[in-house]
Amino acid sequence: MPTPPQGGAPASGGAKASLGDSPLAIIVYMDESTASPTPAFDCGLATQNMYLAAVSLGYGAKIVSSPTMTLNGAEHDQICEKLGVDPSMTAVAVLLVGKPDSSGIDGVTGASTRAGLSEKTSVIG
């Protein structure tokens, strides 16, 4: 199994991992002029597949979309220039990849308490 990228600091104390915690961030950009009728959906599938590949290789991974607000914001063209991306492209998602969290907290055991299904649904008829 490959060694996960070094660098970054694993989030601790229940904090959510963010862009600054990850040694690798893959920014997924969309070309809206493509022949595909669903370019955003295609980018989502590609991001999901990269996530699954990273996790299957033993890396920690997380898909985030909040950085896209900055990537597509007022400084979009300057950011694209720095990254070597065509300014006509739109950032859709960011995939963070790094060392898996060693705290033992996972998406199931670390999940917040949620209302039961019966509290959120109504049967009519």
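Predicted model: local features only at pLDDT ≥ 70, side-chain atom pairs only at ≥ 80, totals over all residues.
Residues are numbered from 1 along each chain as its sequence is written, and side-chain values use heavy atoms, with hydrogens and water left out.

- Helices (H or I, at least four residues) and strands (E, at least two) are DSSP runs, numbered from the N terminus.
- Helix H1 (residues 39–56) lies across S1, S2 and S3 and runs at about 160° to S1; axes are lines fitted to C-alpha atoms, for helices over the stretch in contact, and angles run from 0 to 180 degrees between N-to-C directions.
- Thr47 is buried, at a relative accessible area of 2% (buried means under 20%, exposed over 50%, partly exposed in between, with a 1.4 Å probe and protein chains only).
- Setting aside neighbours within four places in sequence, Thr47 is in contact with Val28, Ile63, Ala93 and Leu95 (contact means heavy atoms within 4.5 Å).
- A polar atom of the Thr47 side chain sits 2.8 Å from the backbone oxygen of Cys43.

**The sheet**
- Three strands form an open sheet in the order S1-S3-S2, with antiparallel pairing (two strands pair if DSSP finds at least two bridges between them).
- Strand S1 (24–30) and strand S2 (60–64) are the edges, each pairing on one side only.
- From one strand to the next, the twist averages 20°.
- S2 and S3 run antiparallel and are joined by five bridges; Ile63 stands opposite Leu95 in S3.

**The nonpolar core**
- Nine residues make up the largest nonpolar core: Tyr29, Val64, Leu71, Ile79, Cys80, Val85, Ala91, Val94 and Leu96.
- Helix H3 (76–83) and strand S3 (90–98) are the elements giving two or more residues to this core, and S3 gives the most, with three.
- Such a core is a set of buried Ala, Val, Leu, Ile, Met, Phe, Trp, Tyr and Cys residues joined through side-chain atoms within 4.5 Å.
- Val64 touches Ala93, Val94 and Leu96, not counting residues up to four places away in sequence.

**Leu83**
- Leu83 lies in helix H3 and is partly exposed, with a relative accessible area of 45%.
- Beyond its neighbours within four places in sequence, Leu83 is in contact with Ile27 and Tyr29.
- Leu83 and Ile27 are 56 residues apart in sequence and 9.8 Å apart in space, C-alpha to C-alpha.

Key: Polar contact = N/O pair within 3.5 Å; in protein donor to acceptor, adjacent residues only side chain to side chain.
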